[in-house]
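Here is a short report on one protein model. Keep the sequence and the 3D view at hand as you read.

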Amino acid sequence: EVYFKNLSKQKQKEVMEKNGNNHKLRVCVATCNRADYSKLAPIMFGIKAEPQFFELDVVVLGSHLIDDYGNTYRMIEQDDFDIHTRLHTIVRGEDEAAMVESVGLALVKLPDVLNRLKPDIMIVHGDRFDALALATSAALMNIRILHIEGGEVSGTIDDSIRHAITKLAHYHVCCTRSAEQHLIAMCEDHDRILLAGCPSYDKLLSAKNKDYMSIISMWLGEDVKTRDYIVALQHPVTTDIKHSIKMFELTLDALISFNKRTLVLFPNVDAGSKEMVRVMRKKGIEHHPNFRAVKHVPFDQFIQLVAHAGCMIGNSSCGVREVGAFGTPVINLGTRQTGRETGENVLHVRDADTQDKILHALQLQFGKQYPCSKIYGDGNAVPRILKFLKSIDLKEPLQKKFCFPPVKDNISQDIDHILETQSALAVDLGGTNLRVAIVSMKGEIVKKYTQLNPKTYEDRLALILKMCVEAASEAVNVNCRILGVGISTGGRVNPREGIVLHSTKLIQEWSSVDLRTPISDALHLPVWVDNDGNCAALAERKFGHGKGIENFVTLITGTGIGGGIVHQHELIHGSSFCAAELGHIVVSLDGPECLCGSQGCIEAYASGIALQREAKKLHDDDLLLVEGMSMKEEEIVSAAHLIQAAKLGNTKAESILRTAGTALGLGVVNILHTVNPSLVILSGVLANHYVNAVKDVINRQALSSVKTVDVVVSNLADPALLGAASLVLDYTTRRIY
């Protein structure tokens, strides 16, 4: 407030001379709830600090005046503002009809207030149904409207209300460049749009260094430390109330399981809030030792609480907007904020259909510290807004003009922009070769590089970096924008940390290897790492037979046997990242020895290495070659020779392949009886040779309820590279868990 009192006297004089009179701009600020007041209060302080330019009238309505929501009008009085009018406009019921009736009640009461105050301009914030009533009343009574935070995009009915207010408003203050462009695209006059930033950031960016421990102790208890508690704020989604209540229930279950001290704020007054409060009480949140449930926290104190929290969870716009100023981790649940611009501190959980998904998100985010984000403001919004208000010429016609874009026959565009393709760098670490490819969003391999896989860790990592740098440079020439790097490798992988835990014997010196850090540091790109079997399943989910399938299994039949399991559209990793090691399902107690050290694994029967072993035995006994076959003296016996011999009528080769197919089929039957997928996809060079044998075993051995499963051969040319690419393409354009 002191800052605004000391604004330049010279500027004030110039504006007065320009106006040619001493008329003060009479500004009516109408606030409906605790959230919009946090944005309007800095503007109100600025207006109040310049009485020579402005007269301020404050109108309070909506949930400010309801005891169940904290009687938050008191904080306006505590800020030393005179409330000129209080309007009780909320019809209780907290359902869709009550929202409509509340808008109608406000429309009935507001004309009398506006006739009495006769403001030159009304400031309306955001996208609440109360704000729609304010804007409608002012527009119909020929009062100029300044709309704060127009042009933004989010979920629920709020989007429609926000854009409706935009069309009623005469002037617009937006927070981001993107919002400004949206307003222009909506045909609003560019001269009446101010890109100022969010007014609340003027306070946020100077708040973190203030005393905060007493605030934390007051709301959460004296034993709570910074970064060791959670702030939860979740509202109903009016376009899907039933689902939002279910998600709130799952959120509370996850928070109870996570076992950290949590401050839970009551939801807003939207339809569905009553049901959400019932859920809180049903679960005993108000009496649970780990929870503090409150109706309202003053904004100054709320800032300190979220600034020093270990995590914020919910679907409030505060999480995706204000909290970014502190780098506090945020878990944004559901669709209420879909479309909002967010910093890297926000992890989106769009469809939380299980408690475990939310719990996993808490484990990923809690306690982290992200870079501070200034997407929504730089701390200088209010001076810009005051200057904008002073520039308003009340002599200008009140009627709005819309700036429709001209329609041209030929629209010129930059050819590079048209052709630029969002792409990924995909890396496949095989037992023999190391491959890097540029893969487009549609699954097209734009360019591929292949080298022999070095035998040592140092040489291998150096080659990966070299090939990735070359591919990233080449991507510019082929108009591809690289979004990240995906790596498919053999062995057991921790995908959360990007670490190869244990490798197969085919890749030497490849255990406890951090792949993410050196590659990310070198390329300045995000890096994802996963097991080759899981990558094959991801490739099928995004580009192949698994697209749109809820539950399916992919089996890779190549040098080894691997695979991935997708259950309820999600890849299963397991508690120690060892899920879907399908090649090591045991189908015989006294079968051949496997490379894993066990006996009777599928891989010991049906892998390329197993077939090569059997082919060598036949060749050593002169039982491999039949009429029509020949081998050079130095030629190495391989699985291909065994397959060729079987096709030419070699009965022993046929028997080996039949046994291999049966072993694979038995493994598939075990999978069907365990996870019950609706689809089995065979991938790799041996898939076509095994598909019929697998189907026969299923018909003979499986339970009748799973015999209807579809067994198909993958139609993907390169599932390992496509799977590595899908790691990137699924997660980089938006952080979605």
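His-584 sits in the loop between β24 (570-571) and α21 (602-606). Helices (H or I, at least four residues) and strands (E, at least two) are DSSP runs, numbered from the N terminus. His-584 counts as partly exposed, because its relative accessibility is 27%. Buried means under 20% relative accessible area, exposed over 50%, and partly exposed in between (1.4 Å probe, protein chains only).

This is a predicted model: local features need pLDDT of at least 70, side-chain atom pairs count only at pLDDT 80 or more, and totals for chains, interfaces and linings use all residues. Residues are numbered from 1 along each chain as its sequence is written, and side-chain values use heavy atoms, without hydrogens and water.

The UniProt annotation "binding site", from an unreviewed entry, covers His-584 along with Arg-492, Thr-504, Asp-532, Glu-581 and Glu-603. UniProt positions follow the numbering used here, feature names are shortened, and annotations may be inferred rather than shown by experiment. Arg-492 belongs to strand β18 (residues 492-494).

The table gives contacts, leaving aside residues up to four places away in sequence. Contact means heavy atoms within 4.5 Å.

| Residue | Contacts |
|---|---|
| Arg-492 | Ile-499, Val-500, Leu-501, His-502, Ser-576, Phe-577 and Cys-578 |
| His-584 | Cys-594, Cys-596, Cys-601 and Glu-603 |

Now to the nonpolar cores. Each is a set of buried Ala, Val, Leu, Ile, Met, Phe, Trp, Tyr and Cys residues joined through side-chain atoms within 4.5 Å. The largest has 61 residues, and Ile-331 is one of those with the most contacts inside it. Helix α11 (residues 241-258) gives the most to this core: nine residues.
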